[in-house]
Amino acid sequence: RVHGEIARLNKTWELVKPDKMATLNAMRIVVGSEKNYKILRTKLNSTKLPALPFLGMHLSDLIFCAEGHANYTADGLVNWPKWVQFAAIIKKLQTYRSVSYSFPLVH
């Protein structure tokens, strides 16, 4: 989905070469939020590191976990599964830091 302000740039969009538009449309499909980012999750899970995570997806996961589950059970105990899930999301994010990213020096 494209924000309205960007979509209204008709004259600018007309200047974008068809092959570049095809690439952009393919990328939109990959990062689409449909089915809880299913395509992106599949691609990230099969990609060798280094890779750049899409933080929006992980932040959505953290928000869902924080707001979708109570901190305490009905018995007044800490809702341990919630925090295990929270930790798993953060651990997944930390895996992206486990590999060095070597970029060529640009002069």
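**View 1. A polar contact joins the side chains of Asp-61 and Arg-41.** In this predicted model, the two side chains come within 2.7 Å of each other in that contact. Asp-61 is part of helix H5, which covers residues 55–68. Is Asp-61 buried or exposed? Its relative accessibility is 14%, and the cut-off for buried is under 20%, so Asp-61 counts as buried. Setting aside residues up to four places away in sequence, Asp-61 touches Asn-36 and Ile-89 as well as Arg-41.

**View 2. Seven residues form the largest nonpolar core.** Met-57 belongs to this core, together with Val-30, Tyr-37, Leu-40, Leu-44, Ala-51 and Tyr-96. In soluble globular proteins, nonpolar side chains tend to be buried together. Across the chain, 15% of the 107 residues are buried.

**View 3. Stepping back, the chain holds six helices and zero strands.** Its radius of gyration is 19 Å, well over the 13 Å that the globule rule gives for 107 residues, so the chain is more spread out than a compact globule. Along the principal axes, the C-alpha atoms fill a box of roughly 60 × 35 × 25 Å. Among contacts with a separation of 6 or more, 41% link residues 24 or more positions apart. Carbon and sulfur atoms contribute 63% of an accessible surface of about 9000 Å².

Notes
Residues are numbered from 1 along each chain as its sequence is written. This is a predicted model: local features need pLDDT of at least 70, side-chain atom pairs count only at pLDDT 80 or more; totals for chains, interfaces and linings use all residues. Side-chain values use heavy atoms; hydrogens and water are left out. A nonpolar core is a set of buried Ala, Val, Leu, Ile, Met, Phe, Trp, Tyr and Cys residues joined through side-chain atoms within 4.5 Å. Buried means under 20% relative accessible area, exposed over 50%, partly exposed in between (1.4 Å probe, protein chains only). Helices (H or I, at least four residues) and strands (E, at least two) are DSSP runs, numbered from the N terminus. A polar contact is a pair of N or O atoms within 3.5 Å; within protein, one must be able to donate a hydrogen and the other to accept it, and residues adjacent in sequence count only if both atoms are side-chain atoms. Contact means heavy atoms within 4.5 Å. The radius of gyration is taken over C-alpha atoms; the globule rule is 2.2 Å times the number of residues to the power 0.38. Accessible areas come from the Shrake-Rupley method with a 1.4 Å probe; for residues, only the protein chains shown count as cover.
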